[in-house]
Amino acid sequence: MEVNFHLPGLRRNYPLNVTFVRLYHEHPEYFREGVKFGSFYGEFPPSLWNGGRVSHPDMCDSKFINMCINQMNEWGIPIRYTYTNMLLEEKDLQDPYCNYCLQAAHNGMNGVILVSPILEEYVRKNYPKMKIISSTCKCIRGIDDVNAELSKDYALVVLDYNFNNRFDELERITDKGRCEILVNALCQPNCPARAAHYRNISENQKIIAKSVKLPKEQAIPLIPWEYKGCKGVQNIYTIRDFCTYVSPEDIWEKYVPMGFKNFKIEGRTDHLLVVIEAYCHYMIKPEFQGKVRFMLYEKMEKLKIIQVNMP
């Protein structure tokens, strides 16, 4: 049995992810049956091509970029760039920072998640060793359209979260092994503003890319995002009533027997404790979750990633 989890963060969650992989090698008995790390996904901020979540302007240097890629690849884990900015123009393809990041990962092991047709054409031509993944940001909502996407040269197709638990439709997918299920979507089901939110993020990513070259006092204000129908900040406990929530039991008892084997946990910009809770919920056996949760908290405090103050 192979259950691949694709986990968030190349920069912000890097200390947690390194700690979690080491725990996996030191204590495999803590983990659920068949758990593998399919990839770590995200970007090295502030990548102009980034999308899906806003990449904040704490520019990574070449040393960190290469260290992160090499460390994960040495463990046999690919990294995947979330280059899903849907508003890219031809001139944006020459961005030196994003091109450097692609070149650093261009070894045949890593991938890039894409939306923009012009960026896809550019990556295929200039970085042919990068595996291409079709993004959930495309908001593909019909099974026939999913199958059409699977007929193209994509390593994986990340499904729209609204397909979750609609098993009659999922059964009609022709190549389930190349699909990826977003198991903990924090967005409310059938959110009417999801596509517009992705567009707002793409606009703000272009603003951040401009601002990072300016003095701090001249930074361009971001375009605010507000959707009155949003239920607010969510976590693994508040989404359990959503029809799009996929439980660990569903993964092993329903999805894997159907032929699905790739599962995405979101959390690139979530609070670190929310990410830890999701990791434990999906990948750690129930009897070890408390112990692992405490071990991760303790390690993050020692690394000064989180701080616990006296009352």
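Analyst: Two residues are in contact when they have heavy atoms within 4.5 Å. The model discussed here is a predicted one.

User: Which residues in H1 and H9 meet?

Analyst: On the H1 side they are Leu 16, Asn 17 and Phe 20. Their counterparts in H9 are Leu 272, Val 275, Ile 276, Tyr 279 and Met 283. Sorted by class, this contact holds seven nonpolar residues, one polar residue and no charged ones.

User: How do the axes of H1 and H9 lie, and at what angle do they cross?

Analyst: Helix H1 covers residues 14-26 and helix H9 covers residues 272-283. Their axes come within 11 Å and cross at roughly 25 degrees. Angles under 35 degrees count as roughly parallel, so H1 and H9 are roughly parallel to each other. The crossing of H1 past H9 is right-handed.

User: Now the strands. What holds neighbours in a sheet together?

Analyst: Strands of a sheet pair through backbone hydrogen bonds, in a parallel or an antiparallel arrangement. In this model eight strands form a closed barrel, in the order S1-S2-S3-S4-S5-S6-S7-S8, and the pairing is parallel. On average, neighbouring strands are turned by 30 degrees against each other, direction ignored. H1 packs on this sheet, where it touches S1 (3-8) and S2, and its direction makes about 170 degrees with that of S2.

User: How many bridges join S2 to S3, and how many join S3 to S4?

Analyst: S2 (residues 35-42) and S3 (residues 79-83) are joined by three bridges, with Gly 42 opposite Tyr 81 of S3. Between S3 and S4 there are four bridges, and Thr 82 stands opposite Ile 113 of S4. Both pairs run parallel.

User: Where do side chains go along a strand?

Analyst: In a regular strand they alternate between the two faces of the sheet. In S7 (residues 179-182), Cys 179 and Ile 181 lie on one side, Glu 180 and Leu 182 on the other. These four residues are all buried, and both faces of S7 are covered. S4 (residues 111-114) repeats the pattern: Gly 111 and Ile 113 point one way, Val 112 and Leu 114 the other, and all are buried.

User: Is Ser 135 buried or exposed?

Analyst: The cut-off for buried is under 20% relative accessible area. Ser 135 has 5% relative accessibility, so Ser 135 counts as buried. Ser 135 sits in the loop between S5 (131-134) and helix H5 (143-150). Not counting residues up to four places away in sequence, Ser 135 touches Thr 84, Ile 113, Leu 114, Val 115 and Val 158.

Technical notes: Residues numbered from 1 in each chain as written. Predicted model: local features only at pLDDT ≥ 70, side-chain atom pairs only at ≥ 80, totals over all residues. Heavy atoms only, no water. Axes fitted to C-alpha atoms, helices over the stretch in contact; angles between N-to-C directions. Helix = DSSP H or I, 4+ residues; strand = E, 2+ residues; numbered from the N terminus. Parallel < 35°, antiparallel > 145°, perpendicular 65-115°, else oblique. Left-handed = near helix turned anticlockwise from the far one by under 90°. Nonpolar A, V, L, I, M, F, W, Y, C, P; charged D, E, K, R; others polar. Pairing = 2+ DSSP bridges. Buried < 20%, exposed > 50% of the residue type's maximum accessible area, 1.4 Å probe, protein only.
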